[in-house]
Amino acid sequence: MTAKLSGINIFPVKGLGGIALDQSDTTTRGLRYDRRFMIVGRDHEFVSQREIPKMATIWTERIGDKLELAAADQESVTVDIQPRALPTRTVRVWSSHVQAHTVSAEADEWLSDYLGFDARLVYMPDSAERRCSPTYAKNNELVSFADGFPFLVTNETSLEDLNQKITANGGAAVPMNRFRSNLVVSGAAAWAEDGWDEIEIGSAVFRAAKPCGRCQVTTTDQATGELRGPEPLRTLATFRDTDKGILFGVNLVPVKLGTVHLGDRVEFR
């Protein structure tokens with residue numbers, strides 16, 4: 001069976017809803033526009049669905065050179081998808097301290113009202129340099145506001161196997177969007193990703209940096225923001241629990257930049 005690219009997703013604002021694409025350019029920090037925005041609290045530290053599951057219910061959409069944020073029964077708000085240089089502040093995402101631009105007082109007010117805390121939207125400019133973990137990134141690779149690496153790939157057949165195990169134990173199958181991956185592959189064997197080294201998709205080449213440890217965000221319904229646990233973590237923990245966490249998917253770093261399209265053949269080496 002030929003492996004193909006069956007999904008391309010960007011999440012312009014870390015923790016908010018994503019955008020499914022037919023194609024995307026790759027950049028040194030990830031798919032273009034992926035996780036260049038982030039929401040921080042008054043302490044300038046990032047917030048995510050781990051603390052605020054309701055973030056999943058904010059949709060994002062690119063409209064020309066604008067990014068729209070929208071939610072049910074709310075007027076939408078738009079910001080420039082590549083904001084001009086605005087006041088800069090130091091923000092924290094995990095252990096990284098990064099220089100980021102403030103974006104829009106209107107967007108801050110909209111987010112604060114909807115999410116129920118003093119929220120601020122910030123943007124990572126090209127001048128900011130956040131590096132991947134040197135334990136796994138061999139060439140000092142950059143990353144956006146993603147948790148740790150510029151790309152995340154998941155395998156449809158692995159999800160099928162996981163869901164078979166979940167339903168056999170009386171649970172409800174989960175969709176792929178629970179895992180918030182950038183790239184989704186079909187046609188590979190279940191859990192074949194454990195052995196992937198380099199991956200060629202379209203004109204782009206990636207290197208597998210490390211398997212992706214999963215957290216409680218995978219138990220959040222990405223349509224409603226409701227916690228639906230304990231699946232998929234309960235079942236994953238029965239056969240994918242390792243010293244690197246409960247694993248699903250693989251973090252990637254770029255080897256060769258290019259463009260990926262839905263339906264592209266995926267080659268492993």
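Student: What covers the buried residues of H1?

Tutor: The cover includes strand E5 (37-40), strand E7 (66-70), strand E8 (77-80) and strand E11 (120-123). Cover here goes by contact, meaning heavy atoms within 4.5 Å. Helices (H or I, at least four residues) and strands (E, at least two) are DSSP runs, numbered from the N terminus.

Student: Before we go on, what kind of model is this?

Tutor: This is a predicted model: local features need pLDDT of at least 70, side-chain atom pairs count only at pLDDT 80 or more, and totals for chains, interfaces and linings use all residues. Residues are numbered from 1 along each chain as its sequence is written, and side-chain values use heavy atoms, with hydrogens and water left out.

Student: Ok, back to H1. Which of its residues are buried?

Tutor: In helix H1 (residues 105-115), they are Ala107, Asp108, Trp110, Leu111, Ser112, Tyr114 and Leu115. Buried means under 20% relative accessible area, exposed is over 50%, and partly exposed is in between (1.4 Å probe, protein chains only).

Student: And what caps the N-terminal end of H1?

Tutor: Ser104 does, with a side-chain oxygen 3.3 Å from the backbone nitrogen of Glu106. Just after the helix, Gly116 takes a positive phi of about 85°.

Student: Which charged end sits over the ring of Tyr114?

Tutor: That of Lys54, 4.2 Å from the ring centre. The criterion is NZ of Lys or CZ of Arg within 6 Å of the ring centre and within 35 degrees of the ring normal. Lys210 also lies over a ring face, that of Tyr136, at 5.6 Å from the centre.

Student: Rings, then. How many aromatic pairs does a search of the whole structure find?

Tutor: The search gives 9. Rings of Phe, Tyr and Trp (its six-membered ring) pair if their centres lie within 6.5 Å; planes under 30 degrees apart count as stacked, over 60 as edge-to-face and the rest as tilted. One of them is Phe151 with Phe206: the centres are 4.9 Å apart and the planes at 70°, so the pair is edge-to-face.

Student: Where in the chain are Phe151 and Phe206?

Tutor: Phe151 is in strand E12 (residues 151-155) and Phe206 in strand E15 (residues 204-213), 55 residues apart, so the pair links distant parts of the chain. Both Phe151 and Phe206 are buried.

Student: What about Phe179 and Phe248, stacked or edge-to-face?

Tutor: Stacked, because their planes are at 25°, with the ring centres 4.1 Å apart. This pair too links distant parts of the chain, 69 residues apart: Phe179 is in the loop between helix H2 (156-168) and strand E13 (183-186), while Phe248 is in strand E17 (residues 245-256). Phe179 is buried at 1% relative accessible area, and Phe248 counts as buried at 0%. Along with Trp191 and Phe239, Phe179 and Phe248 form one aromatic cluster.

Student: You mentioned E15. How many of its residues are buried?

Tutor: E15 is mostly covered, with 8 of its 10 residues buried. Strand E14 (residues 198-201) pairs with E15 in the antiparallel sense over 4 bridges; two strands pair if DSSP finds at least two bridges between them. Ile201 has Ala204 as its bridge partner in E15.

Student: What do E14 and E15 form?

Tutor: A hairpin with 2 residues between the strands, and Gly202 in the turn has a positive phi of about 60°. E15 also pairs with E17, antiparallel over 7 bridges, where Ala208 stands opposite Leu252 in E17.

Student: Switching topic: how many disulfides turn up?

Tutor: The search of the whole structure finds 0, where a disulfide is a pair of cysteine sulfur atoms within 2.5 Å.

Student: Last one: which side chain does the side chain of Ser96 make a polar contact with?

Tutor: That of Arg130, at 3.1 Å. A polar contact is a pair of N or O atoms within 3.5 Å; within protein, one must be able to donate a hydrogen and the other to accept it, and residues adjacent in sequence count only if both atoms are side-chain atoms. Ser96 lies in strand E10 (residues 96-102) and is buried, with a relative accessible area of 18%.
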